[in-house]
Structure formats: C-alpha cells, structure tokens
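Please read the points below beside the model.

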Amino acid sequence: MSKTNGKDASGPETGKNRETASQGDAEHKGKGKDKKDARKKRADDHPPSSAAWARAVDAGMGTAPSLSPHRLPSLPRAAPGIVTVEPGTRFSLASVDPDATGGLEKAEAKAALAGVRERIKALQERLYAEHARSLLVVFQAIDTGGKDGTIRSVLEGVNPQGCRVWSFKVPSAEERDQDFLWRYHARAPGRGLIGVFNRSHYEDVLVVRVKGLVPEETWRERYGVINDFERLLTLSGTTILKFFLHISKEEQKKRLEARLEDPEKHWKFDPADLTERKSWDAYRTAFDDALSRCSTPYAPWHVVPANRKWARNLMVARTIADTLEAMDPQFPPAREGIAGLKVPD
C-alpha cells in the first residue's frame, strides 16, 4: 500500500477500530449488559463514511462487502510495450524508454488498429446492453503528451450513447467551493458506460503541487484519498484503467514547434506552455510520486511509451479491448415468450 509521511496512505483499518473498541469495553467490564447494548445501537445508528468503509478493504479486496455482483475488477496484463507500475514499489519515469514500440512496426501497427477498434465497438455494445458495470479510462500526460489524439484514435467509431469523455480544465468557482474530488465523482461513468477522463483527479497532486497552489500537507494527504476514491468506484462495479502517456523532453519541443509552424494548430498553442516547460523536472518528480503512491492492485498505473503515436495508439487500444474482453459483458436474456411472436403485416 502507499505510504504518506510514514503512515499508510489508505488510512486506519476497521480492524484497528475494533481493537480500540475492545480495549474500551475491557476497561468497563461488569457495568452491565444494558450499556453494551446501548453502545452497539449507537454504532449501528452511525455507519462509517464511504471513505472509511472503503479503507476497510485490503489490497486484494477479498474481505470487502459487495456492492454489486461484479465486485472485483477484471485486469488482464497490459499490451506489450506498456510498463505497469508494480503496486507498493518506488517508480521512476526515467526507467521507461519513451521511444519504445513494443516490438511493433509502423505499417503493422496502423493496420492492426482497425481490427482492435472493432473489438472495442462490439464489446462496448455488450457493456451498454448489460447495464451492470462500467469502465473508466484515465489519461494523464505532460503537455503535448497526446491525450486528445489517443482518445480520438482509439475510440473512433464507438457509439457515443455509451461513451462519455470529460476534459478537466481549471476548476470553476463552483468546483473550487467543493472538495477536490467532487467534480470527478460527479462524472464517473454510470452502469453500461465507458467514461474517459482527459486529465483527472490526479491534477490535484500534480499541477497544484508544482505551482504551490495548496500547502504540501494538503496535497500529500490526497494520495490516500485518491486511492480510497478509486477503491470505492471499483467496489461499485467500475473497472479503472489508468494510462500515463510518456514522452521525452525533446519530443515535447518538436510538438510545440509544430504547433507554432502550422497556422491551423495555433489554437492549440498557449504561450503558458513555454512557462510550464521550464517546470519539466518538477512535473517529472510529481508524476513519479503519483504513479508510485497510487498504483494499486485494483487500479494500477500503465506507462505508455508515447513518442511514436502509431505505437501508442495500438498499445492503448489493445489494453482497453483486452480489459473489456476480460470483463466479459453479456447481452441480457430475451423477454419470455418472444420466440413465438410474429410481426403483423
């Protein structure tokens, strides 16, 4: 599990709460059954908050109460070329080559992508019809990392009725008045849907850290809260895929220059991007911490080498398709008596 300031980032476990309660009972032995009954009633009347309840789940969630028939996520191995962050280990982006292609050739990858898209479309239709579970796909990257292009390429042709894409910009005044997860939780995918976060709740341990928008003690506490949030979504029937699109500093320079040189891409360019580029090392450190502290057995981080767009797209598409296939959504059974029906002239 992740740790923050030397403490388990996922917070106190209910086992510890029970131990404390037992010690308190021992101190008051002999004071009568009525008091014990009263204590039990008070406990029953005050269930733990959703976050505290989610924290009760161990790393594998084997002892967790079930909120849906599909409590555990189906997480196949990521596509070749992707590096999955091992939960509970220290990770560094420096260990991943952003030029890696997973052994793919460009022509081969482009030809294969069409077939993988068809798999995603067919499985998404089954997920939508089943209406029991959902898939949340999270994309994070440094500026020009390719989030927009990946989403557009990988999900091309998917029925928009069953897919929602949310791009999280600077929070509005209303959003700033709420807790930091409020706007993300409100847009988590409902049953039958594929939800896509273009940037996500991780901005609140990334940009706010680098820019000093909140105190250090605030953003450090958020790693554990994020893990709780993702565990709660998982327990509610949402499978979570998290992709970090990994490019080099040299590749970012090329992409920024391409935007400046092409008038049709000027709308994408913000002079602030040049200021942000000066914070490259600070962002890399922040990403390393987020990937290390928030890669869990139920929502691991997948680092995608993203200098080669054609390889990036196929690796992400294959992982999404394989995950949907492992979820194995099913069309609901036909209504009784439908087999004998005839359509009148």
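1. In strand 8, V304 is the bridge partner of L245. Five bridges join strand 8 (residues 301-305) to strand 7, and the two run parallel; strands here are DSSP runs of E of at least two residues, and helices are runs of H or I of at least four, numbered from the N terminus, while two strands pair if DSSP finds at least two bridges between them.

2. This is a predicted model, in which local features need pLDDT of at least 70, side-chain atom pairs count only at pLDDT 80 or more, and totals for chains, interfaces and linings use all residues. Residues are numbered from 1 along each chain as its sequence is written, and side-chain values use heavy atoms, with hydrogens and water left out.

3. Strand 4 (residues 134-141) also runs parallel to strand 7, joined to it by eight bridges, and Q140 stands opposite F244 of strand 7.

4. Nine of the nine residues of strand 7 (residues 238-246) are buried, so the strand is largely enclosed by the rest of the structure; buried means under 20% relative accessible area, with a 1.4 Å probe and protein chains only. T238, I240, K242, F244 and H246 point one way, and T239, L241, F243 and L245 the other.

5. The lining of the largest pocket divides into 17 nonpolar residues, nine polar and 24 charged, where Asp, Glu, Lys and Arg count as charged, Ala, Val, Leu, Ile, Met, Phe, Trp, Tyr, Cys and Pro as nonpolar, and the others, Gly among them, as polar. Helix 5 gives the most to this lining, with five residues.

Notes. Buried means under 20% relative accessible area, exposed over 50%, partly exposed in between (1.4 Å probe, protein chains only).
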